[in-house]
Amino acid sequence: MSLSRLSVELIPRSADALAADVATVKTTFPAADTLNIPDLMRFPLRSWDAAALVRPQFGNVIPHIRAIDIAPDAPLPGADQSGLEEILIVHGDLPADLSHRTYPNSTESIIRRYRREAPHLKVYAAFDPYRRAPWKELEDVARKKEAGAIGFFTQPVFDLKLFDLCREWMQGECVFWGLSPVIGPKSRSYWETTNHIVFPRDFSPTLEANILFAQTVLKELAQEKGKAYLMPVRIKLEQYLPALLDAVA
């Protein structure tokens, strides 16, 4: 058995850096059939433009779209982009640059706009079991589905018990389960303070432990033809991805 979809998240630092990362994924991790690209304010390259750049080399690309960046009468990013088939709508954090204009959009309102104005696009939304009470997050899941989301990308998971619990909550849904290595105390502190992650007591922020955890999750998902995405931040792709090939074979 193998996964039905396997994505790698790549940061669009620049066109050249992105092209190099795509080449690395293709050569070191051929199991990946999809790329997903976040939209980060600290870089000038927008996610949908990055998707257009890499699609000739990698067919399935899912750009992240920040709901709070879209003006009421503005065109929807990527809506008329030839070849684009899937997008992920996230709410978006407020920018550090206060001159960057944002709008009081909900994720659901932007999903509805895409379903009305770009019905050819498959729309995913976010699921984050860490940021609030589970019942509130699952209410959000229901609202996003009602708005037109066909599936979800999770916040990366770091705990097998929570992973199993979330699979029960999301049973029957189309879910890309996130995995991201946390290497060293600074990386752990970032996840705890920024994303409110509660790590298990026996969590070890080493490369070896993170690879073992990812292998375990990927093997479980492969048994049920599930989906996953890998987010190798603050680590070289070639240090992390090849070690997971056996788990997804």
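Biologist: Which residues does glutamate 86 touch, leaving out those up to four places away in sequence?
Modeller: Keep in mind that this is a predicted model. Glutamate 86 sits in strand S4, which runs over residues 86-90. Setting aside residues up to four places away in sequence, the ones glutamate 86 touches are Arg5, Val61, Ile62, Pro63, Leu121, Lys122 and Tyr124.

Biologist: Is glutamate 86 buried or exposed?
Modeller: The cut-off for buried is under 20% relative accessible area. Glutamate 86 has 6% relative accessibility, so it counts as buried.

Biologist: What is the length of the polar contact between the side chains of glutamate 86 and tyrosine 124?
Modeller: Let's take the side chain of glutamate 86 and look at its polar contacts. One joins it to the side chain of arginine 5, at 3.0 Å. Another goes to the side chain of tyrosine 124, and that one is 2.7 Å.

Biologist: How far does H7 reach from its first C-alpha to its last?
Modeller: H7 has 17 residues. At 1.5 Å a residue, you'd expect 24 Å. The model comes close to that, with a reach of 25 Å.

Biologist: Within what arc do the buried residues of H7 fall, seen down its axis?
Modeller: The buried residues in H7 are Asn210, Ile211, Phe213, Ala214, Val217, Leu218, Leu221 and Ala222. Seen down the axis, they line one face of the helix, because they fall within an arc of 165°.

Biologist: Last one: how many disulfides does the count come to?
Modeller: A disulfide needs two cysteine sulfur atoms within 2.5 Å. Cysteine 166 is buried, at 0% relative accessibility. The closest cysteine sulfur to that of cysteine 166 is in cysteine 174, 16 Å away, so it's too far for a bond. Cysteine 174 is in no disulfide either, and the count comes to zero.

How values were computed. Residues are numbered from 1 along each chain as its sequence is written. This is a predicted model: local features need pLDDT of at least 70, side-chain atom pairs count only at pLDDT 80 or more; totals for chains, interfaces and linings use all residues. Side-chain values use heavy atoms; hydrogens and water are left out. Helices (H or I, at least four residues) and strands (E, at least two) are DSSP runs, numbered from the N terminus. Buried means under 20% relative accessible area, exposed over 50%, partly exposed in between (1.4 Å probe, protein chains only). A polar contact is a pair of N or O atoms within 3.5 Å; within protein, one must be able to donate a hydrogen and the other to accept it, and residues adjacent in sequence count only if both atoms are side-chain atoms. Contact means heavy atoms within 4.5 Å. The expected span of a helix is 1.5 Å times one less than its number of residues. The arc is that of the directions from the helix axis to the C-beta atoms.
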